[in-house]
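Trainee: I am new to this structure and would like to look at it with you. Could we go through it together?

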Amino acid sequence: MGWPDLAGALWLIAAGLLIVAGLIGLAVWDARRRRSPAVVLDVASAISRLWVAFGGVGAILAVWRQFSGDVWVADVPVVVDVPGLSCEGAEAPVTATAPTLVCGSVSSVDLTVAGLDIGMRMLLAVGDLLAIVVVATPGLLLAIACSQTLKGAPFSRVVGRWLLIGALVVLVAGLGSELLSSLGRTVISHELFPDHGADVVSTGIYRVGVSFWPIGAAFALAALGAVFRHGERLQRETAGLV
């Protein structure tokens, strides 16, 4: 999302921040109205539930977008021959006193594609859904942690178990989303563009990959789950001494 001028773009960001601040303020007002003994936890719980709800709405919209007609696909890998942008013969250093274009390349394009078969639509939809699952998972874990803490069991076994489940979900969904989405974009590129002899051609390779961040995020959640399970044991032993 953008705006034709910088001021408009900044106002757009400010509007989004004001909406978020308004939601938090509404949650704070509701917690104080109910005379909650833990306002911060109540607010965090409300925001996390809203977080998960937005994830559900996003999942519905993602499926609708993939099956409602023409499909918009971002970052489809291609090789584009742009006159005046080629780096051939641009090995010599350029002396410039202001930002000056030397050369460049176009490695991907955003496309609107018609006539995709059901298999490709399902591949893209599953990739989008897995990405939304990754985004919604922290909200769900926060909601569970806040709920158990408000019940007086901050180191509940339930929280530790759900943190480990969340670690597995983030690992599988994070890697799966990137793998399926990149595979879908590459297949579309090969179906739409020739491999040579045109201004826009496919890369000729399957550009499929994954990032390491799902592994790191899963490790962090699993470690936090282990901390909560250890805290639960200490809490139980302390209660037995009283």
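Predicted model: local features only at pLDDT ≥ 70, side-chain atom pairs only at ≥ 80, totals over all residues.

Trainee: Which helix gives the most to the nonpolar patch?

Mentor: Residues are numbered from 1 along each chain as its sequence is written, and side-chain values use heavy atoms, leaving out hydrogens and water. Helices are DSSP runs of H or I with at least four residues, and strands are E runs of at least two, numbered from the N terminus. Helix 2, helix 3 (118-150) and helix 4 (157-192) each supply at least two residues of the patch, and the one giving the most, with 3 residues, is helix 3.

Trainee: Is V52 buried or exposed, or partly exposed?

Mentor: V52 is found in helix 2. Buried means under 20% relative accessible area, exposed over 50%, and partly exposed in between (1.4 Å probe, protein chains only). With V52 at 30%, the term is therefore partly exposed.

Trainee: Which residues are buried in helix 1?

Mentor: Helix 1 covers residues 6-33, which makes 28 residues. What covers its buried residues includes helix 2 (39-67). The buried residues are G8, A27 and A31.

Trainee: Where is G204 placed?

Mentor: G204 is partly exposed because its relative accessibility is 49%. From C-alpha to C-alpha, G204 is 9.3 Å from T186, though the two are 18 residues apart in sequence. The place of G204 is in the loop between strand 3 (200-201) and helix 5 (213-241).

Notes: Expected span 1.5 Å × (residues − 1). Contact = heavy atoms within 4.5 Å.
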